[in-house]
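Subject: Structure for your review

Dear colleague,

Please find the structure below, together with its sequence. I would be grateful if you could read the notes that follow with the structure open beside them.

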Amino acid sequence: MEGVSVRKIKKICVFCGANSGKDVAFVNAAFHLGEVLGKRKIDLVYGGGKLGLMGCVSTAVAQHERQVLGIIPSAFTINNLVGETCGKEIKVATMQERLVMMMELSDAFIALPGGFGTLEELFQMISWAQLSIHNKPIGVLNINGFFNGLLSFVDHAVKQEFITPRARKILISATTADELVDKLQAFRFESDPALSKLKWSPSSSQKEKLDLTLRL
């Protein structure tokens, strides 16, 4: 990446399924992503537990002796619903508090294949970036074309003028873990001149909670 300024990424938050999916390639890719993060000395923030792809990526990062932090709603820990978190665990009261903490503690975000929860987390981070609540890079690891339909829909929304070309650049995609991390490191945030003027109250887990429920 000669000639391109590279941002320092120390912690990446990974959103992904609590299931393993139909294609074994998803599991292999999750383990490989964890290996790539470990070899690049990048720590992991994730949703906690050891189920599905979440367990795969967290196990791989831990095996490479990098820090793993699971942020999990207390409701999920009842009756050991999602299994033991691989690494340190922070319990929160709500899903929204979980996502805010993930945003605060991470330098970038990656989505692997997953369901509604994964998609909600991905698009919440994108909408917050669009609102200049944060300026951190966001990408999807498009394993075996899993995100092809989603990326096509986003491009369709651009053509229909519901998403601006500037906002479209927020969502990065790649087919390999190394390529995706390279793109995240090279990402340059372009804020919307109007939205960048919005004033957001500082958020804090110990102090007042920031209401980030706005959707576009």
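This is a predicted model: local features need pLDDT of at least 70, side-chain atom pairs count only at pLDDT 80 or more; totals for chains, interfaces and linings use all residues.

Helix packing

Two packed helices are described by the angle between their axes and the distance between the axes. For helix α1 (residues 24–39) and helix α2 (residues 52–63), the axes come within 7 Å and cross at roughly 30°. Because angles under 35 degrees count as roughly parallel, α1 is described as roughly parallel to α2. The crossing of α1 and α2 is right-handed.

On the α1 side, the contact is made by Phe26, Val27, Ala30, Phe31, Leu33, Gly34, Glu35 and Leu37. Helix α2 contributes Leu53, Cys56, Val57, Thr59, Ala60 and Val61. By residue class, the contact of α1 with α2 comprises 11 nonpolar residues, two polar and one charged.

Salt bridges

Side chains of opposite charge can pair when their charged atoms come close.

The side chains of Arg40 and Asp178 meet in a salt bridge, with 3.1 Å from N to O. This pair links distant parts of the chain, 138 residues apart: Arg40 is in the loop between α1 and β2 (43–46), and Asp178 is in helix α8 (residues 177–186). Arg40 is partly exposed, with a relative accessible area of 28%, and Asp178 is also partly exposed, at 35%. A network of salt bridges links Arg40, Asp178 and Asp182.

In the salt bridge between Arg98 and Glu121, the closest N and O atoms are 3.9 Å apart. Arg98 lies in helix α4 (residues 95–105) and Glu121 in helix α5 (residues 116–130), so the pair ties together parts that are 23 residues apart in sequence. Are these two side chains buried or exposed? Because buried means under 20% relative accessible area, Arg98 at 6% counts as buried, and Glu121 at 11% is buried as well.

Asp155 forms a salt bridge with Arg168, and their closest N and O atoms are 2.7 Å apart. Asp155 belongs to helix α6 (residues 148–159) and Arg168 to helix α7 (residues 165–168), so this pair ties together parts that are 13 residues apart in sequence. Asp155 counts as partly exposed, at 33% relative accessibility, whereas Arg168 counts as buried, at 18%.

With kind regards

Technical notes
Residues are numbered from 1 along each chain as its sequence is written. Side-chain values use heavy atoms; hydrogens and water are left out. Axes are lines fitted to C-alpha atoms, for helices over the stretch in contact, and angles run from 0 to 180 degrees between N-to-C directions. Helices (H or I, at least four residues) and strands (E, at least two) are DSSP runs, numbered from the N terminus. Angles under 35 degrees count as roughly parallel, over 145 as roughly antiparallel, 65 to 115 as roughly perpendicular and the rest as oblique. A crossing is left-handed if the near helix is turned anticlockwise from the far one by less than a right angle, and right-handed if clockwise. Contact means heavy atoms within 4.5 Å. Ala, Val, Leu, Ile, Met, Phe, Trp, Tyr, Cys and Pro count as nonpolar, Asp, Glu, Lys and Arg as charged, and the others, Gly among them, as polar. A salt bridge is a side-chain nitrogen of Lys or Arg within 4 Å of a carboxyl oxygen of Asp or Glu. Buried means under 20% relative accessible area, exposed over 50%, partly exposed in between (1.4 Å probe, protein chains only).
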